[in-house]
Amino acid sequence: MTHKSYLLLLSLLAAFYSTTALAQKAGSGADQVETFAAPIAGLPTEGSLWGMPVNLHGQTTYINQRYNNFTSSYSGQNSLDSLKSMSYTWSGTLFFGARIAPNTDIYFNPEVVSGVPFSDLAGLGGFTNGEATKANGAQAKFYSARAFVRQTINQEGNKVVLENEANQITQTVSSNRVVLTGGQFSTLDIFDDSRYAKDPRIQFMNWGNMTYLAYDYAADARGYSWGLAGEWYLDNWVMRASRMLAPKSPNGRDLNWQIFNAYGDQVEVERQHNIAELPGKISVLAYRNNMILARFQDATNYINQDPATRQGTQAINNVRSSNQIKTGIGINAEQALTKDLGIYGRAFTSDGHTETMSFTEADNSVSIGMGINGTQWKRPDDTIGISMMQNGLSSYRRGYLQAGGVSYFIGDYASPSQTISYSPERIGEVYYNATVIKNVLAGLNFQHIINPAYNSARGPVNILSFRIHAEF
């Protein structure tokens with residue numbers, strides 16, 4: 001199926017469902033963990049301990065993905081395996097919270113993950129499972145995902161009730177307020193929220209639908225970091241800023257605690273609105289990273305000095321010697337069209353001079369999609385998502401790969417005459433989630449990937465996924 005076919009399918013579905021009338025619920029405040037949980041009789045999730053309000057929530061998610069053999073003229077060190085493959089992830093998380101003062105909360109999220117990603121997590125720009133970055137083999141790994149303090153400073157404004165859910169004890173706040181978050185969390189907990197494309201556990205699975213694919217946000221290899229973030233809510237406006245620790249080495253597990261020497265900064269301005277009483281928003285996000293990174297031009301020059309021995313290697317490792325600044329900017333817009341249908345779009349560009357710090361191999365990205373609830377077919381708790389995206393590389397990264405270089409996640413080099421035949425990576429994704437029993441959903445997901453890892457000599461790849469998710 002071509003990208004033109006995706007556009008036609010998207011347009012037809014939008015036209016068909018525009019006569020129905022809520023998109024999936026967004027996360028709250030300073031943590032954007034998506035949820036569909038309802039109270040379970042006999043299982044209270046909020047109460048009091050030693051006079052403090054506390055809450056406890058949990059989730060578990062299993063994702064299984066498979067694809068059949070696909071066309072490949074050649075393969076390299078970091079290519080997606082062209083033979084039939086299977087991948088899976090399983091995760092479990094507990095969300096503990098306590099209010100230690102009237103407007104001061106602490107939260108702790110222990111997490112366990114196991115799984116085996118496709119091709120050891122190589123061969124794609126837009127990887128197919130947002131949980132895969134946390135998986136490091138079939139043996140379950142326990143770790144701390146989040147451990148943070150949130151301070152709310154209320155100002156004049158209307159009262160807003162934040163309901164009890166993961167990382168949010170029931171709280172009445174002002175529409176005009178400042179929220180400070182410090183400790184261990186994900187940059188994506190604060191920035192680039194979306195009703196329709198955020199959480200791979202219950203929404204789209206592809207990394208390009210978790211956030212902007214070209215947004216190289218500061219994180220460890222699992223997607224978490226330590227830092228300080230501030231949010232200023234002013235009626236329909238929200239302004240956010242943060243500084244997060246960078247990894248010691250690109251895409252590394254260990255963080256560099258020299259926060260003035262290696263870091264990721266981001267700022268975001270969001271404007272919420274209603275059109276015909278239906279919610280929407282537009283936000284603009286920019287980031288600036290500073291850490292020791294390789295420049296692609298330097299790595300390309302290094303290969304060209306001795307191509308016979310340096311082609312087919314990760315030459316970026318040989319020129320990573322000094323701090324570099326990496327920047328990017330993007331826009332996100334979403335709008336509910338009816339009570340059951342909403343659309344979204346994201347676009348982002350990074351400067352593309354340097355290697356990836358923490359996320360994936362992309363220097364520009366565009367995605368659009370929609371979320372639909374099943375009211376029309378009398379299953380209001382079921383959801384459908386449809387999206388398409390296009391990811392691209394800068395001329396600097398492209399030149400490095402075509403010279404015979406291999407990057408952290410991608411590199412199809414097989415011989416001097418078999419480097420990448422560059423073309424933007426295009427991905428279509430469709431999912432259906434059905435509520436099996438209360439707070440348990442099962443879902444199917446299909447992804448069609450054209451030009452995997454930006455190489456028209458390979459693919460397309462069709463990936464079918466099964467997901468089961470439960471929460472309380």
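## A tour from a buried alanine to a surface patch

Start by selecting A453: with a relative accessibility of 2%, A453 is buried (buried means under 20% relative accessible area, exposed over 50%, partly exposed in between, using a 1.4 Å probe and protein chains only). You're in a predicted model, where local features need pLDDT of at least 70, side-chain atom pairs count only at pLDDT 80 or more, and totals for chains, interfaces and linings use all residues. Residues are numbered from 1 along each chain as its sequence is written, and side-chain values use heavy atoms, leaving out hydrogens and water.

A453 sits in the loop between β18 and β19 (strands are DSSP runs of E, at least two residues, numbered from the N terminus). Check its backbone: phi of A453 is near 60°, positive in a residue other than glycine.

Stay in that loop, between β18 (440–450) and β19 (461–471), and pick P460. A cis peptide bond joins G459 and P460, with omega about 5°. Most residues other than glycine have a negative phi, and most peptide bonds are trans.

Now jump to D235, in the loop between β9 (225–234) and β10 (237–245). Here phi is near 55°, again a positive value in a residue other than glycine. Buried or exposed, or in between, at 44%? D235 is partly exposed.

Last stop: select L56, L94, F96 and F108, which make a nonpolar surface patch of about 310 Å². Areas come from the Shrake-Rupley method with a 1.4 Å probe. L56 lies in strand β2 (residues 52–67) and is partly exposed, at 32%.

Terms used
Patches are made of residues with over 30% relative accessible area and no salt bridge: like charges are joined within 9 Å, nonpolar side chains (Val, Leu, Ile, Met, Phe, Trp, Tyr) within 5 Å. A salt bridge is a side-chain nitrogen of Lys or Arg within 4 Å of a carboxyl oxygen of Asp or Glu. Helices (H or I, at least four residues) and strands (E, at least two) are DSSP runs, numbered from the N terminus.
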